[in-house]
Amino acid sequence: MKPLEVKNLKKYFIYKGKVIPAVDGISFEINPGEIFGLLGANGAGKSTVINILTGITTLDSGEVKILGKDITKHTEYVKSKTNVATAYSSLSSNLTVYQNLLVYARLFGIHNAKSRIYECLYDFEIAAIQDRKIDKLSSGEKARVNLAKAFLNNPILLLLDECTVGLDPDIADKIRTIIKKHQSKNDTGILFTSHYMPEVEYLCDRIAFMANGKIICIDSPERLIEKYSSNLISVRLHDDIDKLEAWLLKQNIPIFKKENRLIQFRAQASGTSVVRELFKANLLVEHFEIKKITLEDIFIKISRNEK
């Protein structure tokens, strides 16, 4: 049974008398043990999707199932099988770490709550701070407590919404390692959002890019990079760049940037073959640099609706 199935999901909002499609007929699924990245610029529709999955917002049409159960008809069952951790929500600041986890353990109806809490305290390396109040913790400690809360009920589906935002690189790396470890241990399906592309590439098995409420593409990070593969090539000539510009136009290669004697353009070809062709055209190259496309480049292209 799949942790999550979304089919033709739609959600509209009314703004200044106009109907705005926040989520416009998207479909995707998450397999057991899969980390699925949902990416897009601010306003793409990611938060609305998460709000629908958590019950904060109702869907207008379409179907969402968690473990085969419709979320609109089996609310309590769905809540017992899911959990969420986000950088934008906080635990009770006047309670200790242990007290916060105890509250959530009772809300989830967890049997042997004390035993499960201590298991999470040690798993997430926060046993030493269990008696400290939340408002006395560092950002890294709060992030780990949030993750401990999120894994407390052994969820089948876990929603991680920018859970490492604002953390220093060392703590963020530790958080990613913890997520990977516990996800594989529990075979949990994870919906993951982030604006930090190296993190997405490291954690996610598949990625869906959203723009204007629609899913533009779904695939593994490796296949997406291969699909959108084009190298950004920078060339500076000894003499005037008009010759290079004319040569690029003749090859139907669009110019990305032009500045003094420097031209940047994108090409599928390798650096070696490009240099060879430039010399064949009697163009004297002073500087040559090639930058391979990254997941961040793809994010920008999709967000700007660039081809």
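**Reading burial, strand pairing and helix packing**

Visitor: Is T57 buried or exposed in this model?

Guide: T57 is buried. A residue is called buried when its relative accessible area is under 20%, and T57 has a value of 16%. Please keep in mind that this is a predicted model.

Visitor: Where does T57 lie, and which residues does T57 touch?

Guide: T57 is placed in the loop between α1 (46–53) and β4 (61–66). Leaving aside residues up to four places away in sequence, T57 touches K11, F13, N51 and I52.

Visitor: Which strands are joined to β9 by bridges, and in which direction do they run, parallel or antiparallel?

Guide: Strand β3 (residues 35–40) runs parallel to β9, with five bridges joining them. In that pair, L39 has F209 of β9 as its bridge partner. Strand β10 (residues 214–219) runs antiparallel to β9, again through five bridges. There, A211 is partnered by K214 in β10.

Visitor: What do β9 and β10 form together?

Guide: They form a hairpin, with two residues between the strands. N212, in the turn, has a positive phi of about 55°.

Visitor: Why is β9 described as largely enclosed by the rest of the structure?

Guide: The description follows from burial: β9 (residues 206–211) has six residues, and five of them are buried, so the strand is largely enclosed.

Visitor: At what angle do helices α3 and α4 pack?

Guide: The axes of α3 (residues 97–107) and α4 (residues 113–123) are 10 Å apart and meet at an angle of about 130°. Such an angle makes α3 oblique to α4. The crossing of α3 past α4 is right-handed.

Visitor: Which residues of the two helices meet?

Guide: From α3 come V97, Y98, L101, L102 and A105, and from α4 come A113, K114, I117, Y118 and L121.

Conventions. Residues are numbered from 1 along each chain as its sequence is written. This is a predicted model: local features need pLDDT of at least 70, side-chain atom pairs count only at pLDDT 80 or more; totals for chains, interfaces and linings use all residues. Side-chain values use heavy atoms; hydrogens and water are left out. Axes are lines fitted to C-alpha atoms, for helices over the stretch in contact, and angles run from 0 to 180 degrees between N-to-C directions. Helices (H or I, at least four residues) and strands (E, at least two) are DSSP runs, numbered from the N terminus. Angles under 35 degrees count as roughly parallel, over 145 as roughly antiparallel, 65 to 115 as roughly perpendicular and the rest as oblique. A crossing is left-handed if the near helix is turned anticlockwise from the far one by less than a right angle, and right-handed if clockwise. Contact means heavy atoms within 4.5 Å. Buried means under 20% relative accessible area, exposed over 50%, partly exposed in between (1.4 Å probe, protein chains only). Two strands pair if DSSP finds at least two bridges between them.
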